[in-house]
Amino acid sequence: MSVGLPDIVVPVRQEAIAAQLRYALRSWVANLPHRRVWIAGYRPSWLTGVHHLPVPQNGTKYRNTTLAVRMACEHPDVSDEFLLCNDDFFVMQRVDRVPVLHRGPVREVLEHYTRRGHNGRYVHGMRTTLDLLAGLGFEEPLSYELHVPLPVTKSGMLHALDVGAGLDVLHKRTAYGVLNQLGGDRIDDVKVLTRNTFPQGSGFLSTMPDTFAAGAVGRHIRAAFPRPCRYERRGR
């Protein structure tokens, strides 16, 4: 466990604007106490005051993010416990200590996706991660694939990445949570997929590019954090 505030680690894919990241950073400065921010992957030119881990972006998005997390865990200057975030995680209310949250049993989440006809690489990775964990004796593992910050220890995550190294698409949050027996509280995912509605009053929100740019949730987030934060270069 780290002493003091944790760092934030956020894998970032190469994008021209990265508007969601800009507002995610504003929300973290306002509501998520932290020591430093580490950008793992692509570093937009408008960023300032962040630390950068230059992760090659020549694999699939799953392999890229897994490599980014591994590099963060292996870097001596990243705090021993850090908050794993995505660039579209918005913290809407003050959180002095991030809770451990899960989505319920992986089998239930998998059934939810398959009933709706989803059978892409993400679902394949969910199924193979479930099989891996069940084979290790975790018969009813919980899913930690939520769009909210996850408190992570470097040693615990490295163990999870090593255990799941043979999978093409490892659900690394789930592998970490199950192998380290995190437990936690169950919530519905906060990812907003539609333009017109979103969970009012939620402490955490996440968006698709479309719902951020053209949806009610995007307008709500932009109104909540209208001013640039210390991680934005002036005039950019």
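Modeller: Happy to! The buried residues of helix α3 (residues 106-115) are Val-106, Val-109, Leu-110 and Tyr-113; buried means under 20% relative accessible area, exposed over 50% and partly exposed in between, with a 1.4 Å probe and protein chains only. Seen down the axis of α3, these residues fall within an arc of 100°, so they line one face of the helix; the arc is taken from the directions from the helix axis to the C-beta atoms. Helices are DSSP runs of H or I with at least four residues, numbered from the N terminus. This is a predicted model, where local features need pLDDT of at least 70 and side-chain atom pairs count only at pLDDT 80 or more, while totals for chains, interfaces and linings use all residues. Residues are numbered from 1 along each chain as its sequence is written, and side-chain values use heavy atoms, leaving out hydrogens and water.

The buried residues of α3 pack against α4 (121-135) and α6 (172-179), contact being heavy atoms within 4.5 Å. Just after α3, Gly-117 takes a positive phi of about 80°.

Now for the rings: the whole structure holds three aromatic pairs, meaning Phe, Tyr or Trp (its six-membered ring) with centres within 6.5 Å, where planes under 30 degrees apart are stacked, over 60 edge-to-face and the rest tilted. Tyr-113 from our helix forms a tilted pair with Tyr-122, at 5.7 Å centre to centre and 50° between the planes. Tyr-113 counts as buried at 18% relative accessibility, whereas Tyr-122 is partly exposed at 25%.

Conventions. Helix = DSSP H or I, 4+ residues; strand = E, 2+ residues; numbered from the N terminus.
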